[in-house]
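Good morning, and thank you for making time. Please look at the model with me while I go through helix packing and charged pairs.

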Amino acid sequence: MREKSYMLAIPGKQEPEGRMEVLGRLKNAPDFRVITADMEDEDNIGLTVEYGGRRYRALIYPTNFELPEFYRCQHLFPDVDIEAMESASGGLAVEMMFGEDALASYHLQLKIIHAILPDAVAVLDDSSEKILSGHWVALAAVSSVPPAPRYIYTAQAVSGDDPIVWLHTHGLNRCGISELEVLNSTKETYNSHYNVLETMANRLLELEEPLEPKEPLYLARLTDRAALITTLVPWNEAVELYDDDMLGGKDDRTEGHNENTSAIFTYKTKDDYEEGKYSPISIYDEILEKNPIYWISTSETERMKALAAERASYMMRALPDKENHILIKIGLTIDKEYQEDNNTKEHIWFELLEAKDGTLTGKLTQEPYYVSGMHQDDIGTYTLEDLTDWIIFTPKRRITPDDVYIMDLEEKE
């Protein structure tokens with residue numbers, strides 16, 4: 001069952017005065033169109049908006065606010081914004097039902113918030129239990145490219161005194177799919193298991209139909225001969241494989257995590273799948289530590305490429321500073337014997353040496369897998385069309401196209 005997506009925005013200085021100004025700001029928004037607005041009581045505004053050829057329903061209303069202690073801060077916050085969050089007593093709530101395209105729906109919810117509160121201090125995404133920077137929200141809302149799928153959900157790692165770690169998500173139910181879990185992880189392996197969980201969540205968000213329980217899903221290439229084939233097992237069946245009092249076990253389910261949530265398992269062989277014999281992903285722990293090649297869809301590659309191009313000016317701004325180190329990811333055409341209908345590129349990192357007249361010159365940082373004519377340390381020149389991602393390493397931090405709001409904040413200091 002699909003749940004509502006609930007977000008709460010903390011206003012900045014440009015807070016609207018009354019519902020009519022809220023409605024005016026919504027009607028002037030450039031990226032969506034208000035079809036109907038219902039104002040049957042003093043506070044609530046019920047909206048029907050058209051966005052990307054689809055219609056969505058949203059409910060907007062003021063609400064009291066108290067900063068939750070356990071929510072994850074997704075972004076960097078200046079001290080002034082932290083003080084504003086801690087002193088805030090009220091905010092603006094935006095509830096919305098997601099459509100079939102979860103990423104477009106999420107993007108629209110941010111656009112609605114930004115239209116009403118263009119200088120919001122922060123946005124609390126209650127569905128995923130995370131806090132978003134208002135500066136990040138503003139950049140994301142005006143972008144033509146949706147945020148990364150990982151923003152839709154949060155993966156929490158719960159641990160105690162013993163080595164056991166329980167990984168589970170919040171936020172996927174609003175997309176009409178199951179929340180995900182990894183049971184019986186450990187403090188040594190949970191990072192590898194997190195990569196499995198994140199890749200699984202991203203894949204599920206892109207499927208045209210929800211994955212059925214016990215249905216197989218290709219997730220990663222483990223070795224030249226082995227693939228990671230995952231599946232979902234309903235939580236109430238999965239916990240029967242472990243002690244009741246284990247962290248995340250049956251005894252932990254009386255007050256929560258007992259509805260639409262499933263644990264990730266794997267099929268070792270085709271015979272195991274046909275026999276319904278699934279295994280914990282921990283059977284691959286040694287391989288998972290060696291950075292297997294996780295599956296990334298063409299649509300996600302194209303989304304990353306579009307965002308990298310849209311925000312390439314930030315990369316150019318950082319290049320003249322010799323203290324910065326910049327990597328660019330370039331899509332190289334792979335050898336013909338490896339090409340498939342939907343796979344003709346190997347995306348690989350270069351050290352950016354020069355940017356001039358729309359071209360990028362870089363030094364290859366690793367050996368390609370499928371491009372026999374190139375080798376580590378080779379130097380090549382490419383266009384912005386070849387660019388699929390970039391990273392700026394400053395003396396203080398690492399900045400990606402998703403994080404460029406930090407550069408704007410630092411320039412204001």
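Contact here means heavy atoms within 4.5 Å. Helices (H or I, at least four residues) and strands (E, at least two) are DSSP runs, numbered from the N terminus. This is a predicted model, in which local features need pLDDT of at least 70, side-chain atom pairs count only at pLDDT 80 or more, and totals for chains, interfaces and linings use all residues. Residues are numbered from 1 along each chain as its sequence is written, and side-chain values use heavy atoms, with hydrogens and water left out.

I begin with helix 11, residues 405-412. Y405, I406, M407 and L409 are buried there; buried means under 20% relative accessible area, exposed over 50%, and partly exposed in between (1.4 Å probe, protein chains only). The cover over these buried residues includes strand 8 (130-133), helix 4 (134-142), helix 10 (312-318), strand 21 (387-393) and strand 22 (398-399).

How many salt bridges does a search of the whole structure find? The search finds 17, a salt bridge being a side-chain nitrogen of Lys or Arg within 4 Å of a carboxyl oxygen of Asp or Glu.

Two of these involve helix 11. The side chains of E411 and R317 form one, at 2.5 Å from N to O. This pair links distant parts of the chain, with R317 in helix 10 and E411 in helix 11, 94 residues apart. E411 is exposed, at 55% relative accessible area, whereas R317 is partly exposed, at 36%.

E410 forms a salt bridge with R397, their closest N and O atoms being 2.1 Å apart. Because E410 lies in helix 11 and R397 in the loop between strand 21 and strand 22, the pair ties together parts 13 residues apart in sequence.
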